[in-house]
Amino acid sequence: MRFETRQRIQGTVDEVERALLDERYFAFLLQHHGVLLELQPLEVKTEGDLVRRRVRYRPKPVIESIGPKRVPPEWFAFIESSTYDKRRKELTFTNTPTSGTISKMLVNTGKMRFRDLGAGQTERTMDGEITLKLPLLMKPLALIGEKIIQGEGLKILDNEIPVLNRFISEVIRKG
């Protein structure tokens with residue numbers, strides 16, 4: 001399932017980039033984001049204009065059980081592997097579930113782009129794909145599951161915008 005979303009950030013492209021690449025942003029985001037229970041940078045490497053990251057996220061579980069079986073919170077954890085190109089203002093990513101069982105079934109990849117809107121605002125456009133690989137008899141459930149996963153992913157992004165705006169205002173601009 002393909003998806004695309006656009007969001008408006010209260011900051012210039014330069015401020016947004018500086019915020020997202022600031023090592024203090026991880027802790028700030030975790031503290032002020034309503035959906036994330038864990039956020040841990042595993043690796044951040046700068047190679048010229050490219051910044052490669054691996055970040056572990058664990059959002060609040062969307063569902064607590066499937067029938068009588070409890071769903072462990074770890075099923076919702078994932079690792080973002082991404083590369084940000086400072087010249088192109090573009091981040092390519094793959095989100096891989098940390099659960100081996102789930103990672104065999106779920107593929108989430110995409111791109112995030114940042115564009116100057118003028119008046120100190122930036123548009124963040126994200127497009128990508130979410131695919132659930134289920135056995136043939138369960139294919140109809142894949143469409144439902146993909147929609148749910150997309151909705152929850154967009155909640156994480158939507159909840160990030162006010163936190164990012166606040167970080168830009170309180171940390172980046174105050175230098």
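A residue is buried when its relative accessible area is under 20%. At 1% relative accessibility, F167 therefore counts as buried. The model described here is predicted. The protein chain has four helices and nine strands, and buried residues make up 43% of its 175 residues.

**Overall form**

- From the N terminus on, the order of elements in the protein chain is β-α-α-β-β-β-β-β-β-α-β-β-α.
- Taken along the principal axes, the box filled by the C-alpha atoms is roughly 55 × 30 × 30 Å.
- Of the contacts in the protein chain with a separation of 6 or more, 54% are between residues 24 or more positions apart.

**The nonpolar core**

- The largest nonpolar core contains 38 residues.
- Within this core, the residues with the most contacts are I9, V16, L39, F114, L164 and F167.
- Helix α4 supplies the largest share of this core, with ten residues.
- Leaving aside residues up to four places away in sequence, L164 touches I9, V16, A19, L20 and Y25.

**Helix α2**

- Y25, F26, F28 and L29 are the buried residues of α2.
- Seen down the axis of α2, these buried residues fall within an arc of 165°, so they line one face of the helix.
- A27 and Q31, on the other side of α2, are exposed.
- The cover over the buried residues of α2 includes α1 (13-21), β2, β3 (50-59) and α4.

**Aromatic pairs**

- A pair of aromatic rings is described by the distance of the centres and the angle of the planes.
- The count of aromatic pairs comes to four.
- One of them joins Y25 and F167, with 5.1 Å from centre to centre and 65° between the planes, and is edge-to-face.
- This pair links distant parts of the chain, as Y25 is in helix α2 (residues 25-32) and F167 is in helix α4 (residues 139-172), 142 residues apart.
- Y25 has a relative accessibility of 3% and therefore counts as buried.
- F28 and F167 also form a pair: their ring centres are 5.1 Å apart and their planes are at 65°, so the pair is edge-to-face.
- F28 has a relative accessible area of 12% and is buried.
- Y25, F28 and F167 together form one aromatic cluster.

- H33 is in the loop between α2 and β2 (36-47).
- With a relative accessible area of 5%, H33 is buried.
- A polar atom of the H33 side chain lies 2.9 Å from the backbone oxygen of I156.
- Not counting residues up to four places away in sequence, H33 touches I156, N159, E160 and V163.

Terms used: Residues numbered from 1 in each chain as written. Predicted model: local features only at pLDDT ≥ 70, side-chain atom pairs only at ≥ 80, totals over all residues. Heavy atoms only, no water. Phe/Tyr/Trp six-rings, centres within 6.5 Å; stacked < 30°, edge-to-face > 60°. Helix = DSSP H or I, 4+ residues; strand = E, 2+ residues; numbered from the N terminus. Buried < 20%, exposed > 50% of the residue type's maximum accessible area, 1.4 Å probe, protein only. Polar contact = N/O pair within 3.5 Å; in protein donor to acceptor, adjacent residues only side chain to side chain. Contact = heavy atoms within 4.5 Å. Core = buried A, V, L, I, M, F, W, Y, C linked by side-chain atoms within 4.5 Å. Arc of directions from axis to C-beta.
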